[in-house]
Number of protein chains: 2
Amino acid sequence: MGSQLIRIIACFGLICGGWTKKTQSVSTPNIVIMLMDDMGWGDLGVFGQPNKETTNLDMMASQGMLFPSFYTANPLCSPSRAALLTGRLPVRNGFYTTNGHARNAYTPQEIVGGISEDEILLPKLLKTKGYVSKIIGKWHLGHRPGYLPLKHGFDEWFGAPNCHFGPYNSSDRPNIPVYNNSEMIGRYYEEFVINRKTGESNLTQIYLEESLRFIQNQAMNHQPFFLYWAVDATHAPVYASKLFRGKSQRGLYGDAVMELDYSVGKILGHLVKLGIDKDTFVFFTSDNGAAVMSGPHQSGSNGPFLCGKETTFEGGMREPAIAWWPGRIPAGTVSQQLGSVMDLFTTSLSLAGLLPPDDRIIDGIDLTPTLLNNSLIDRPIFYYRGNEMMAVRVGLYKAHYWTWSNSWEEFNKGINFCPGEEVAGVTTHNQEEHTMQPLIFHLGRDPGEKYPISVQTKEYLVVLKHISAVVDEHKRKLVPGVPQLNMCDLAVMNWAPPGCEKLGKCLKAPKSDPWKCDWPH
Amino acid sequence: MGSQLIRIIACFGLICGGWTKKTQSVSTPNIVIMLMDDMGWGDLGVFGQPNKETTNLDMMASQGMLFPSFYTANPLCSPSRAALLTGRLPVRNGFYTTNGHARNAYTPQEIVGGISEDEILLPKLLKTKGYVSKIIGKWHLGHRPGYLPLKHGFDEWFGAPNCHFGPYNSSDRPNIPVYNNSEMIGRYYEEFVINRKTGESNLTQIYLEESLRFIQNQAMNHQPFFLYWAVDATHAPVYASKLFRGKSQRGLYGDAVMELDYSVGKILGHLVKLGIDKDTFVFFTSDNGAAVMSGPHQSGSNGPFLCGKETTFEGGMREPAIAWWPGRIPAGTVSQQLGSVMDLFTTSLSLAGLLPPDDRIIDGIDLTPTLLNNSLIDRPIFYYRGNEMMAVRVGLYKAHYWTWSNSWEEFNKGINFCPGEEVAGVTTHNQEEHTMQPLIFHLGRDPGEKYPISVQTKEYLVVLKHISAVVDEHKRKLVPGVPQLNMCDLAVMNWAPPGCEKLGKCLKAPKSDPWKCDWPH
């Protein structure tokens with residue numbers, strides 16, 4: 001793969017350069033969303049990672065707009081990604097479970113459900129303006145045929161429907177397939193190698209190459225594009241290619257970050273070389289907080305924030321975020337706007353000259369006033385865990401209506417969602433209800449959520465009154481979608497994905513025997 | 001003060017500009033050390049503070065060199081400052097106590113001791129090269145007449161000998177005096193107001209004005225200068241002037257940071273305006289980690305690091321650090337060099353063309369190869385608490401030979417040096433000895449010191465062997481100085497500082513009745 005990559009890059013630079021100097025209309029700018037997997041707020045130099053090894057991302061920030069208060073819609077991959085592409089909270093778009101109260105749910109390969117046909121995804125809407133859309137990397141909105149990307153508006157896909165956990169075998173549990181468009185072309189640990197011992201894999205290089213090729217093709221065709229670059233090297237088991245293994249000061253996880261940082265630099269540089277940087281809006285963020293329960297070899301940093309992935313503390317949901325659009329987004333700016341991955345839906349539509357669907361509630365707002373004029377838009381951030389609104393942020397204040405890290409049962413087994421961090425009455429191991437008297441934090445002076453504001457202060461009363469009105473309004477309008485993540489079945493696993501016949505890689509599925517998925521946290 | 005300040009600045013810009021275009025020889029560059037008080041690593045935007053409110057310091061970093069691994073010599077003010085000015089560990093220069101094992105000690109106003117006559121301070125050596133030295137702000141190396149700055153090489157002083165705790169009264173305990181050179185000109189809470197209710201004080205503006213005036217005078221005289229700008233607005237009780245109160249998103253502490261950031265911008269801008277920026281080496285850092293035990297209204301952030309002031313975890317001793325020297329230090333660089341405040345002694349001497357004294361061990365190294373060529377020099381960092389070497393960093397590894405946060409007795413009273421953070425077996429409330437088998441952390445992949453490396457790994461054995469050699473060498477050569485911080489006496493307090501007669505502010509001291517100071521942690 002490496003040499004092919006070098007060949008392509010050489011071509012771009014030497015022979016193919018200048019093809020696209022005739023720019024497309026800026027009224028339909030290209031859109032690139034770079035979504036990292038389990039990367040934490042604190043993993044970038046520009047967000048305070050002590051080793052400062054993300055020079056390309058730091059440069060991207062210096063050329064664009066940094067968002068220190070940007071949030072995901074859920075502290076877990078699948079719901080977060082569903083929210084990004086629909087502009088709607090998981091509790092609305094169905095990416096949640098009702099099997100237990102406030103439980104995180106996602107799309108392992110035994111999941112029966114996936115993204116509903118009733119949901120309208122971003123690429124489908126962009127198509128009406130002539131965009132060609134490609135997803136590279138992890139889909140995670142359901143792996144059964146009707147749920148796959150090309151059924152929901154994407155024109156192209158290179159990547160996998162589920163997480164690259166493994167290796168599995170071919171009897172109990174198949175390895176996850178890798179797709180090229182609508183057919184599998186191999187499986188992880190088989191054709192697409194990840195060495196579990198060394199952490200070596202070429203996947204990021206492959207995903208980089210795919211993105212450069214797609215951008216190149218679209219630039220040649222003068223056709224606007226949407227690239228959803230959903231790479232997953234920072235999700236356990238983390239991986240990096242030979243070139244990057246051992247390169248960082250942070251171990252394998254840091255190597256993975258450096259390779260992604262390098263790739264971001266290559267993609268941005270490619271846009272510049274092709275002369276389409278001024279016609280391309282690029283946004284970098286992550287799907288949820290660093291998975292700190294996985295330890296330092298397999299997870300990143302949430303900087304000064306409390307806990308991580310799976311939780312509704314800041315470490316679970318505040319994300320690194322950088323917007324880049326030379327000539328349009330002022331360079332080197334910091335926006336105090338509260339942003340959400342769901343805004344990428346509405347903002348992308350706005351950039352393409354489209355309005356979001358008006359037959360449903362859209363949670364994402366249009367951030368173009370922020371991006372282009374550094375305006376501030378007042379809006380709340382809701383922190384859900386499954387079917388429960390755990391917390392809400394309004395301005396600099398955050399109110400927790402429910403607190404939970406994980407159960408005592410899990411915790412006693414050594415599973416710790418807040419390693420090295422314990423805030424009495426806050427990082428609780430029982431689901432604690434505070435709906436009558438929420439815990440309120442001031443995230444400006446206390447970003448780590450360590451000092452609840454005393455309920456006996458005037459500040460508490462004033463803030464609670466204000467936040468309560470926001471919550472009441474939210475709950476009044478909330479109509480939960482049909483939950484998609486309730487049922488599991490071994491028969492639905494990736495036994496015989498489309499294309500398996502050609503490869504001779506079809507496996508026999510067991511008989512269907514669905515059960516209510518068990519979501520322990 | 002405000003209007004006077006504006007008048008001076010206007011003069012600099014309009015009338016006085018150009019006076020100093022005839023630059024002095026770069027062989028004796030001016031030296032400005034900006035030492036913050038209890039400011040944490042995580043308090044600067046460039047080090048990851050989420051609200052990103054330090055635009056001047058972030059700009060300074062973009063024009064200079066950032067040190068993510070820069071350390072103080074002690075997690076407490078006085079010993080840290082003594083180390084900076086002598087280039088020697090407190091255990092050598094006497095700024096420690098033997099009243100208890102591994103106890104933090106400093107210079108409250110009942111302290112009998114201070115900086116020894118046998119120690120040679122930086123300004124005294126710089127004087128041999130024609131430097132004029134001024135300290136602005138907090139001295140903290142002893143307040144009895146023989147210990148004051150002008151007795152140890154400084155030519156000028158504006159500031160106070162001790163912390164601005166208070167208000168005190170004139171019977172039990174006098175308010176701390178503020179000196180202009182060798183005479184007091186008033187006291188905190190009397191002539192120099194700090195409003196304890198609102199946190200309002202003009203002190204930072206006064207310290208800024210003093211620094212601008214000193215720089216201006218020296219530039220006019222074409223005489224090299226050393227300015228030690230030891231401001232203390234971020235030490236509890238934190239304060240900010242009216243202009244900055246309520247300006248930050250972080251409350252009063254953040255307001256203080258913003259005012260200091262503003263002042264740094266003014267000083268750097270002043271050097272540029274006077275045309276001496278290319279002849280001036282500026283270094284910004286802090287004396288110890290953020291005092292997180294003081295809560296979010298009165299303390300800052302140590303970013304991703306464990307605990308804070310008073311401890312030998314990273315949060316107690318890793319400091320924000322930026323070097324700035326336009327045209328000499330490459331702009332926008334990050335150095336992975338392990339640095340220490342003690343290096344400012346040796347480096348400043350080197351810049352002035354001087355060698356450190358050769359009759360004693362100097363712990364500070366010459367960082368000019370790092371500053372000018374981004375070289376890396378291998379050197380350990382020692383973490384002391386009083387008379388005990390608690391930990392050592394070698395490369396990316398840190399070994400703890402003793403662990404202690406604070407005593408159970410204090411902890412049970414609500415004094416917490418690691419609020420919201422608890423790492424089992426690490427943030428211990430007993431002094432735990434690990435000298436036979438130190439706790440070892442990899443600060444690259446685990447900057448938060450949460451995951452001790454298993455003693456059963458090969459990595460542990462290899463690292464231990466290497467670190468042990470470094471520690472043995474250190475201990476072999478260590479000759480502790482005479483401890484200066486053992487004795488206290490109410491009679492030595494600031495009852496009648498020099499100059500009190502002129503002001504009619506002399507107070508009567510009680511009879512001398514010295515006791516062994518009690519250092520509880």
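Biologist: How many residues of chain A are in contact with residues of chain B?

Modeller: Keep in mind that this is a predicted model. In it, 38 residues of chain A touch 38 residues of chain B.

Biologist: And how is the size of an interface expressed?

Modeller: Often as the accessible area lost when the parts come together. Here, about 2,900 Å² is buried between chain A and chain B, and carbon and sulfur atoms give 57% of that area. On the side of chain A that touches chain B, the residues divide into 17 nonpolar, 13 polar and 8 charged.

Biologist: How many salt bridges and polar contacts are there between chain A and chain B?

Modeller: The salt bridge count is 0, whereas 14 residue pairs are in polar contact across the interface.

Biologist: Now the helices. At what angle do H6 and H7 of chain A cross?

Modeller: Their axes cross at roughly 10° and come within 10 Å. Angles under 35 degrees count as roughly parallel, so that is the label for H6(A) and H7(A). Residues of H6(A) including A:Leu208, A:Leu212 and A:Ile215 meet a set in H7(A) that includes A:Tyr262, A:Ile267 and A:Leu271. By class, this contact has 7 nonpolar, 6 polar and 2 charged residues.

Biologist: Which residues of H2 in chain B meet H7 of chain B?

Modeller: B:Thr55, B:Asn56, B:Leu57 and B:Met60 do; among their partners in H7(B) are B:Asp261, B:Tyr262 and B:Gly265. The contact has 5 nonpolar, 3 polar and 1 charged residues. The axes come within 7 Å and cross at roughly 45°, so H2(B) and H7(B) are oblique to each other.

Key. Residues are numbered from 1 along each chain as its sequence is written. Chains are lettered from A and ligands numbered from 1 in the order in which they are written. This is a predicted model: local features need pLDDT of at least 70, side-chain atom pairs count only at pLDDT 80 or more; totals for chains, interfaces and linings use all residues. Side-chain values use heavy atoms; hydrogens and water are left out. Contact means heavy atoms within 4.5 Å. Buried area is the accessible area (1.4 Å probe) that two parts lose on being put together, summed over both. A salt bridge is a side-chain nitrogen of Lys or Arg within 4 Å of a carboxyl oxygen of Asp or Glu. A polar contact is a pair of N or O atoms within 3.5 Å; within protein, one must be able to donate a hydrogen and the other to accept it, and residues adjacent in sequence count only if both atoms are side-chain atoms. Ala, Val, Leu, Ile, Met, Phe, Trp, Tyr, Cys and Pro count as nonpolar, Asp, Glu, Lys and Arg as charged, and the others, Gly among them, as polar. Axes are lines fitted to C-alpha atoms, for helices over the stretch in contact, and angles run from 0 to 180 degrees between N-to-C directions. Helices (H or I, at least four residues) and strands (E, at least two) are DSSP runs, numbered from the N terminus. Angles under 35 degrees count as roughly parallel, over 145 as roughly antiparallel, 65 to 115 as roughly perpendicular and the rest as oblique.
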